[in-house]
Amino acid sequence: MAKSLGHFSSLVSFTKTQLSRQCARLFFRTSVRRTVMRAVPSILSPKARDFSLPNPSWGDEMMRLYNHYNQQGGVDPEGGGEQGGRWTRLPSYNRSLKYAIGGVYLSKIIQSKARLFTRNIQQAGAAFEYVVFYTNDKQRCVCVLQAGHLLEGPPGHVHGGAIATMIDTVTGSHASLLCAPVMTANLNVNYRSPIPLGSTVLIESTLGEQEGRKMFVSCKISSSDGSKLHTEATALFVSVGVSHLLRG
Ligand SMILES: CCCCCCCCCC(=O)SCCNC(=O)CCNC(=O)[C@H](O)C(C)(C)COP(=O)(O)OP(=O)(O)OC[C@H]1O[C@@H](n2cnc3c(N)ncnc32)[C@H](O)[C@@H]1OP(=O)(O)O
């Protein structure tokens with residue numbers, strides 16, 4: 001009797017062990033399958049969100065200027081000829097890496113949590129809402145910026161660091177159009193009049209001299225009707241090899 005009870009209890013414990021192993025295997029397989037099923041479409045997805053397209057947070061002035069530059073080839077009201085006078089919208093992603101060939105895939109593998117400073121706020125309209133256009137000859141860029149409430153510096157006005165960030169972004173995007181990758185070597189900013197929080201302004205970037213790897217760019221920020229000058233800046237960009245970025 002004692003012997004058969006012993007057999008029974010060892011059979012029960014054997015069955016329990018088998019069952020728990022089977023369950024563990026099943027759970028592992030299911031959870032791995034679930035993880036893979038979730039990850040694969042995102043890794044294979046060829047599309048990155050383009051942040052420079054309108055969203056519901058864009059106000060009337062932002063939309064008016066977006067349409068002005070985007071529609072009908074966005075003919076430059078100041079002229080500049082057929083070649084230089086038409087505007088093309090620059091797409092905008094939340095990582096610089098996504099601009100490279102295969103970058104959308106790479107960005108999911110390399111430092112996958114990294115995000116471009118100006119495109120990392122979840123709430124639309126809270127910080128930097130902007131779109132950049134460039135002329136066909138790539139000599140000029142214009143950015144329409146709507147400055148959200150999270151960019152406050154002095155009460156009711158935009159933080160100087162946020163303004164410098166946008167100047168770096170626009171002139172940097174401009175220089176990148178000509179020779180990527182580039183890094184900012186020098187940035188000089190003159191703040192002439194404060195930018196009201198929530199307002200829409202124009203950031204204009206003009207290509208200056210190019211000397212070897214160096215690109216000089218000038219920039220100004222003005223009110224959307226052009227009546228007030230807010231900021232003037234100059235920047236120097238140096239084109240670098242990819243190895244410079246990997247070295248850190
Ligand atoms: C599409 C994506 C959209 C996103 C746009 C966002 C744009 C954001 C851009 C950034 O914010 S980059 C981050 C801030 N910048 C840095 O962290 C750069 C740090 N500095 C460096 O990595 C190097 O110093 C630099 C790449 C700028 C230059 O190093 P190099 O070893 O490649 O060049 P080198 O020092 O030999 O200098 C090359 C030329 O530039 C000149 N140069 C370099 N730094 C300078 C400087 N600070 N002022 C004036 N000239 C400078 C230098 O004199 C020389 O002139 P010459 O060829 O005539 O001799």
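Modeller: A nonpolar core is a set of buried Ala, Val, Leu, Ile, Met, Phe, Trp, Tyr and Cys residues joined through C-beta atoms within 7 Å. Buried means that 20 or more other C-beta atoms lie within 10 Å of a residue's own, exposed means 12 or fewer, and partly exposed is in between, with C-beta atoms placed from the backbone. Please keep in mind that this is a predicted model: local features need pLDDT of at least 70 and side-chain atom pairs count only at pLDDT 80 or more, while totals for chains, interfaces and linings use all residues. Numbering starts from 1 along each chain as its sequence is written.

Now to your question: the largest core has 40 residues, and Cys143, Leu145, Met166 and Ile203 have the most contacts inside it. At least two of its residues come from each of α2, β2, β3, α5, β5, β6 and β7; these helices (H or I, at least four residues) and strands (E, at least two) are DSSP runs, numbered from the N terminus.

Beyond its neighbours within four places in sequence, Leu145 is in contact (C-beta atoms within 7 Å) with Phe128, Tyr130, Met166, Thr200, Val201 and Ile203. Val201, in β5, is also the bridge partner of Leu145. Strands β3 (residues 140-147) and β5 (residues 200-211) run antiparallel and are joined by seven bridges; two strands pair if DSSP finds at least two bridges between them.

Stepping back, seven strands make an open antiparallel sheet in the order β1-β2-β3-β5-β6-β7-β4. At its edges are β1 (87-90) and β4, each with a single partner strand, so one side of each has no neighbour in the sheet. On average, neighbouring strands are turned by 25 degrees against each other, direction ignored.

Two helices lie across these strands. Helix α5 lies across β1, β2, β3, β4, β5, β6 (214-223) and β7, at about 135 degrees to β4.

How values were computed:
Axes fitted to C-alpha atoms, helices over the stretch in contact; angles between N-to-C directions.
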